[in-house]
Amino acid sequence: MSEFKSDIEIAQSTPMLPITEVAAAAGIDESYIEQYGKYKAKIDYKILKETDKKDGKLVLVTAINPTPAGEGKTTTTVGLADGLKRLGKNVMVALREPSLGPVFGIKGGAAGGGYAQVVPMEDINLHFTGDFHAIGAANNLLAAMIDNHIYQGNELGIDPRKITWKRCVDMNDRQLRSVIDGLGGRVNGVPREDGYDITVASEIMAVLCLASDIRDLKERLARIVIGYTYGKPAEQKPVTAGDLHAEGAMAALLKDALKPNLVQTLEHTPAFVHGGPFANIAHGCNSVTATRIALKLSDYTITEAGFGADLGAEKFIDIKCRMSGLRPSCVVIVATARALKYNGGVPKNETGVENLEALEKGLPNLLRHISNIKEVFGLPCVVAINRFPMDTEAELELIRSKCRELGVNVALSEVWAKGGEGGEELAREVMKLCEEENHFSFAYETDAPIREKIRTIVHRIYHAKHAYFTPEAIKQMDELTKLGYGDLPICMAKTQYSFTDDATMLGAPEGFTVTVRNVRVSAGAGFIVAMTGDIMTMPGLPKVPAAERIDVDDDGKITGLF
């Protein structure tokens with residue numbers, strides 16, 4: 001296998017099986033299959049109610065805090081699944097769908113890499129089966145109904161200054177963060193300040209990924225809070241999508257998007273790619289439905305959570321597992337020697353040079369994540385080192401020795417270059433860990449006050465000394481408690497690059513303070529969002545966006561996509 005091919009060249013040159021064959025190998029009857037072309041399909045979630053198969057083992061793949069040096073979490077997830085398949089195991093993958101914004105922005109594609117990819121990668125990274133378009137349409141239908149209600153007389157007494165619902169588009173576009181609309185005279189609506197989020201930041205994305213069926217979806221959509229009524233603070237009441245009678249039409253737009261998408265890896269392992277909520281503003285996991293179906297169909301389901309374990313894994317457990325009853329059997333923590341050296345103070349362009357001193361300085365970031373997984377959540381874990389050619393044996397041995405001190409093994413992952421063969425060492429360790437007893441637990445109990453739940457995450461997961469709440473945040477927590485939202489789990493909105501709320505503080509800082517600036521409710525999704533730092537819900541494009549190198553030839557062949 002040549003390591004000089006781009007990801008898209010590898011994907012385009014590797015034959016795919018018809019999706020009907022992939023589904024048949026997974027034990028999915030054709031009555032549950034809705035094909036979208038030859039190589040992708042939606043699977044009817046009714047299969048869950050019509051099978052009595054026992055759930056397999058759930059393996060969560062997470063990582064150290066992301067760096068510009070890269071970690072390769074999705075690549076490791078896919079390669080691990082292919083490695084288990086090579087060892088004769090019945091395995092499935094469950095991943096998030098990529099957003100168009102990052103694809104055309106700075107990140108590029110998000111379907112794995114090298115010889116550990118899900119395919120067809122061009123479709124997955126672009127329009128796929130239209131799920132994101134449906135979510136955007138439902139989001140914007142609700143926005144239109146809000147403004148139309150105000151225009152038509154405002155029977156509910158919605159205060160235009162207190163509308164919390166934004167429009168959305170699945171593209172990085174800083175120009176839309178803050179807008180004034182409804183201009184041009186009375187016939188064109190009521191002028192007000194407005195704004196756009198990227199589609200993956202829409203609460204509807206989180207709702208879709210947590211809903212179990214159409215009925216649950218409609219109930220969640222109806223609970224979405226879109227704003228508040230006129231009046232003094234004590235008199236203001238939340239207004240919901242249900243008050244606007246919008247949930248039925250929104251669900252009609254989402255009925256097909258609710259069904260998980262089935263594709264395959266380069267080695268024909270079945271893979272669900274479904275849903276994609278932001279991991280810093282939302283819970284950052286693929287849909288509960290996709291995960292549940294995969295568990296019913298396989299001995300091992302390999303899934304991942306967004307960003308580092310302080311965000312993705314914490315929310316996977318404290319939100320997704322809590323709501324769904326899912327329980328991981330073990331956790332894989334992905335790291336690279338390059339990223340650890342970056343955490344130790346080495347510039348990105350020097351991370352390919354052996355530097356044991358910097359590596360030792362950066363290792364506490366990994367070790368803290370290990371400690372959290374083992375001590376806070378009670379789960380066995382293995383560190384997967386995504387190996388690069390420039391990694392030296394001395395560096396790898398230093399990582400092994402430090403992890404060994406915490407009772408955790410290290411497995412080398414060479415799946416980018418070798419596919420499933422390069423994931424067999426990790427696969428064997430995962431199989432072993434899945435048979436170990438674990439003491440699964442959540443980081444906090446939901447019946448604690450909102451402030452205490454946030455403090456618990458800040459202290460137990462981030463290892464901060466203090467949690468500071470602005471006066472506005474204190475007021476919001478008190479109001480949400482009075483409105484009956486106090487028992488919901490917490491979704492921390494924090495930078496992914498650090499344990500702190502300051503993206504420049506790398507490694508494993510001590511003695512810092514996390515500032516909670518705002519607290520709001522995502523009532524449909526079923527969690528409270530605590531905003532720290534400066535979290536963007538509408539990213540912008542970089543100086544040289546990835547879109548500039550993407551093209552398509554006369555035969556329809558796409559180039560430059562990651």
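## Packing of helices H13 and H14

In this predicted model, helix H13 passes helix H14 in a right-handed crossing. Helix H13 spans residues 356-376 and helix H14 spans residues 393-404. Two packed helices are described by the angle between their axes and the distance between those axes. For H13 and H14, the angle is about 35 degrees and the axes lie 10 Å apart.

On the side of H13, the contact is made by Leu356, Leu359, Glu360, Leu363, Leu366, Leu367 and Ile370. On the side of H14, the residues in contact are Ala394, Glu395, Leu398, Ile399, Lys402 and Cys403. Sorted by class, the contact between H13 and H14 has 10 nonpolar residues, three charged residues and no polar ones. Glu360 of H13, together with Glu395 and Lys402 of H14, takes part in this contact, and these residues count as charged because Glu and Lys belong to that class.

## Cysteines without disulfides

The structure holds zero disulfides. Cys168 is in no disulfide, and the nearest cysteine sulfur, that of Cys209, is 14 Å away. Cys168 counts as buried, with a relative accessibility of 5%.

Cys209 is likewise in no disulfide. For Cys209, the nearest cysteine sulfur belongs to Cys285 and is 8.4 Å away. Cys209 also counts as buried, at 0% relative accessibility.

## A cis peptide bond at Pro120

A cis peptide bond joins Val119 and Pro120, and its omega angle is about 5 degrees. Pro120 is placed in the loop between strand E6, which covers residues 116-119, and helix H5, which covers residues 121-125.

## Positive phi angles in two loops

Asn154 has a phi near 60 degrees, which is a positive value in a residue other than glycine. Asn154 lies in the loop between helix H6 (131-151) and strand E7 (167-169). Is this residue buried or exposed? Asn154 is buried, because its relative accessible area of 15% is under the cut-off of 20%.

His268 is not a glycine either, yet its phi is positive, at about 70 degrees. His268 lies in the loop between strand E13 (261-265) and strand E14 (270-273). With a relative accessible area of 26%, His268 is partly exposed, because this value falls between the limits of 20% for buried and 50% for exposed residues.

Methods: Residues numbered from 1 in each chain as written. Predicted model: local features only at pLDDT ≥ 70, side-chain atom pairs only at ≥ 80, totals over all residues. Heavy atoms only, no water. Helix = DSSP H or I, 4+ residues; strand = E, 2+ residues; numbered from the N terminus. Buried < 20%, exposed > 50% of the residue type's maximum accessible area, 1.4 Å probe, protein only. Axes fitted to C-alpha atoms, helices over the stretch in contact; angles between N-to-C directions. Left-handed = near helix turned anticlockwise from the far one by under 90°. Contact = heavy atoms within 4.5 Å. Disulfide = S-S within 2.5 Å.
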